[in-house]
Amino acid sequence: MCSLSLFPPPLPAGHVTLYESNNELVSATSLDNYQRQDWDPPSLLILKETLKPHNRLENSSKAAFIHHQETLWMRSANAWHDAGLSGLLDEIANSADEGKFPRCMKVGACCSLAILRWVSSFHGSLFPHLTLSSEDMVAEFSQAADWAGCSVRALAWHPHTDKFAVALLDDSVRVHNAKSSTAPTLKHRLQRNVSALAWKPLCASALALACQNCVLVWHVDPSSLSTRPSSGCAQVLSQPGHSPVTSLAWSPSGAILLSASPVDTAMMVWDVAGESCVPLQRVGGGGVTFLSWAPDGSRVLAATPSALFRVWETSMWTCERWPTLTGRCQTGCWSPDGSRLLFSVQGESVIYALSFANTPGELLGQAGDSKSSVIVADLSETTFETSSGETSVGGEIQTLVWDPRGERLAVLLKGNPEKSDSRSIIAVFKTRTSPIFELLPCGFVQGEEGADPHLIHFHPHFEKGALLTVCWCNGRISHIPFYFVSAGVPRPSLGYSPPVPYPSRGSEVSERLLYSELGS
Amino acid sequence: MLSLGHDHWFIRKVVFWRAAASIAWSVLLLPASTAIFVLLSRISVLHPIEWITGSLNFLCGSYVIFSIVLLCLVVLIIGVFILEFYTVVPSIPCTQIALIVKVLHPQQFIHSLVHSMMGMLVSWCAAVMIGGRYQFLTSPCIAEESAVASSMCLNEYHLFFLLAGAFMGYSYSLLYVVGNMNYVSFPNIQQNKYLRFKGTLPLVIKHSAVQALYSVRNYCITYFFLGYIPRAWICTTMNLQKDRTLHSLDTLTGLLDFSLLYHLWISGTFLLATWYMTWLLFRIYTTEVYCFPVQSSFSEDAHQCLPKVLSSKQPLILKYLALQDFALLSQNSPSRRQEVFSLSQPGGHPHNWSALSGECLTTLNDLTQKLIAYQEAVSSNGRTKPQSVGSDKRPSSSGSSATSLIVEPTSWQTPRVSMGPKTPGSVFLRSSVASPFTPDLGSPFGSPAMKRLTGTLDPSSPWHGSVQSPHVMRRGPKLWTSSSGAETPLNGSPQSGPAPMPSPVAGAQKPSIFSLWIQNRQEQVKNVLAKRVLIMYLFNKLPEASSQALFAESQAHIWALEGLSHLVAASYTEDRFGVVQTTLPDILGTMLTLQEAVDKHFKLPHASSKPARTSGSLVDTSYKTLRFALRASLKTAIYRITITFGEHLNAVQVSAEQRKRLQQFLEYKE
């Protein structure tokens, strides 16, 4: 098992990690010392001050208008239209002073409202996350460390070309291309509180956005020079009861899109072209917060807000329940061949691994075969002696990302908020999946002083190794290349990849059991 | 009409059994739904214990048992009708009149009739199970004057229920045909049958409840106005009397009876829910994946293997299931892919691969041909329209739709228009003269003739295109891509056109005048008809519908594209003998041609407008968006091949035009 104490100590304050070369992380005092390579994605600085977040609260615009005397039935109809049954009941109950409604109706409305509240509070006590407002919910379940406060809210690399999309604090999305200077800005009426972005694989243009009330799919024409594509280029996919959407995952074959919402126990399987969806519902969990599709397309990880996650098998869409011990599954990532899942659990600072027999499609009706997960790394708080004094590093895991070749694993560690000297940091591991699964320390990635890492992503097809894109909390987006020669891993092909032998769980692994139940 | 005797092995061995299983399950579900119905129909909030015990006692009674037996019969007949009427290719009426014809078709008439009768039967069962005042058709008269005769009176509530059942059965049948509910769409993800049923069941119940509500409303309105007819008829034929002490039900006071409406709605929901459940189970069972063997070691099973089955045209369900299986095997079954890539044992030919890929390519090419033909038809319509308008008012605007006419100088066209009336045979002149010249001349010559031919015809009338189509066909599609260069020499001598006219045309002159006259008459009749709003409404093409009809079979194309592209992508690592490489140029060529045709199609008006999305409705409207799905999966398929092969594709032989398109895909510009 790997732990943080094996890592080289973090850099003193003021040093910035630039790149990895010859198995060492190279750092300098500022970003400008960086020797430019022949190809570079644009490094950006998006300051929070330049963005204008709108301060509008949900449903708050109503109060800004002059009170208008409408007939009672009109208002009831409007309330029914705007806010459904509870809105109608509210309207009836609140119009008590006017005395137009029969008294029994008012009493009835009040009673039913009370019952509704009681039921929802009961439901909320089962699933505490349901009491959050939708914005807080997105902030809670987003993969970004500080979703509400930083200027960049989500980032996604295009799977085949050198462009990436960033969602900003002002609810706009920009598409940056390494080859051209035009950066189209996408804005839509329904594009609010974007929590995740996903480019459609095997397609040049489709970008899916997880918004507050819907999923938007933009079709950004790559050859167009327009900087403001019209909102006619966006498809709106919405389903009642399925908001806010916090996670999206395209199938690697590009055929279907999954969306998840923490308030909806069903995850939606969208046929984007036909704008139709099939809900996949299972009892338990109270919602779905995070989705991650294995690169070979055979399995999907679906985390829930409670101490439970599921692994779906995609040929017959059956699932396996994995109750965790302490908290909800915060994040997870798949090895390139889809045979291994690494995940972390809220409240613990360890990385768990689950392995699956890699026989996609042949194994109908069963998602996996392993009966327990193993701890592969312990990232609990460790104190390092540096030139500038003691620094403690480590804590809960916010995000896990694995590079597409399966050689580098980046872990975004949240600092301990109670300690002043602890900060959030990115720990990078070297990984090997065959012949045995290994995690070796590589080093810490640090940014400018005072800037915490906020979001991390690997470039999906960097030729010289791996390229980690980091969004820092001060609005900078930087790219840290890891130059290495791949250890002869065959090119991951879509659909099928050769089976991987089981790891010998002897030396580096201490087993800790989680429970698995085969659910239907 | 009921052609139950399909003797195809697949229908006999698979489809029948699947239908039988689905009907059996719906019969098994009947007792449960009946129990729920009985419970709900006798609901009384004030006496809950009494209500539950009473209902449970009643459930074991003979009435309920007998009703369930009858309902089983109903479900059986409904199931047989679903089996007879199902289709995998939706029929999309392109005009209102086609829709009306579809509704009035004799087959549909029988469908409606049987469903009305079944509805009546179900509502009779419902009336008996609810009991009380609904139970019998006759009741002893209460009124004093009839008590003397001790005769029987008509129980209008019972009649009201029976007629409501017939009405709901009929409206179910009507919605079934209008909403294309006989179209069986295939799911885009595979799930177990039980889970699919469980997932859709809430939707079925919700949909039935809402539909029942609408039906009750419509039925009450109908009964309010026309209810006296069946009542009087029943009274006279059965020699019953009308009870005058009770409110008759075609009055407002009679209809505003809450418990009556509730019972009506509950039994309507029960009726629709049992039928929709049968329908749902049938769809789930028929669309289940059927695994065809890729090759068989026994020659007598060869006709059941995937290559053979894929090439069969009938029955369509077989072809669809085969294509679905083909798409799935290509995606997630390495061992079956190996069978596809394997060589035949003696001889070493890739029979499996060539049969499968050949069949898919034929399917795709058919679609390309259809699209091109449609585009030609549409573009010729679009072309002639502005011309006849333009030469009347503003000749310069005539080229708005055709590429060749944009550059035509107006000064040149005006003399032709004035010259038109001189020679009535100019239509024939054009066809005879145009051939020795370059084909480009056809279009400028044609314009005055057409203008004359159409006369005062309103250009927006639906007849417009159809009249001129013969001429368009004669000239061939090449004309429409004419270049301006060919016309410029003609500008100097506008009279050179009519000059060589005389000898060949002279003989044809007389009959041509006569036929023209006939044609003119026809035009006038049509013209007069076209001005009537109703006829316009009936015969006008529905927007989008022709586009939908064109892509009605696209589910098959989507599977063919998915299957081919996955196999080609997998061949990069798995194809040991290189069997795929031989057909790669064909596959790429076919896909790129289809891509071009689809791109062009989406530039036509109405083609890219989406129908309004109905979220969470039971009625399946996926056939309306098949063209978008096809476009998306076509792009995905081409990308899958280009991403897998990358630069190697430059070595593949394709035409220059397609090379350019392919380059776009290699650069991720599409």
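How many residues does helix α25 of chain B have, and how far does it reach from its first C-alpha to its last? In this predicted model, α25(B) covers residues 579-601, so 23 residues, and spans 33 Å, close to the 33 Å expected at 1.5 Å a residue (the expected span being 1.5 Å times one less than the number of residues). Helices here are DSSP runs of H or I with at least four residues, strands are E runs of at least two, and both are numbered from the N terminus. Along the way, α25(B) bends by about 35° at Pro585(B), the bend being the angle between axes fitted to the seven residues ending there and the seven starting there. Helix α5 of chain B (residues 106-130) has 25 residues and reaches 36 Å, close to the 36 Å expected for it. After α5(B) comes Gly131(B), with a positive phi near 75°.

A word on the ground rules. Residues are numbered from 1 along each chain as its sequence is written, while chains are lettered from A and ligands numbered from 1 in the order in which they are written. Local features need pLDDT of at least 70, side-chain atom pairs count only at pLDDT 80 or more, and totals for chains, interfaces and linings use all residues; side-chain values use heavy atoms, with hydrogens and water left out.

Now for the interface. Chain A brings 37 residues to the contact and chain B brings 30, contact meaning heavy atoms within 4.5 Å. About 2900 Å² is buried between chain A and chain B, with carbon and sulfur atoms giving 56% of that area (buried area is the accessible area, taken with a 1.4 Å probe, that two parts lose on being put together, summed over both). Leu202(A), Ala273(A) and Met316(A) supply 18% of what chain A buries against chain B, more than any other three residues.

One salt bridge is counted between chain A and chain B, the term meaning a side-chain nitrogen of Lys or Arg within 4 Å of a carboxyl oxygen of Asp or Glu. It joins the side chains of Lys610(B) and Glu275(A) at 3.6 Å, N to O. On the side of chain A that touches chain B, the elements giving two or more residues are β12 (234-237), β15 (266-271) and β16 (276-281).

Over all chains, the structure holds 19 salt bridges. One of them pairs Glu359(B) with Lys313(B), their closest N and O atoms being 3.9 Å apart. This pair links distant parts of the chain, 46 residues apart: Glu359(B) sits in helix α15 (residues 351-392) and Lys313(B) in the loop between α12 (306-311) and α13 (316-332) of chain B.

In chain A, the Ser243(A) to Pro244(A) bond is cis with omega near 0°, and Pro244(A) lies in the loop between β12 and β13 (247-250).
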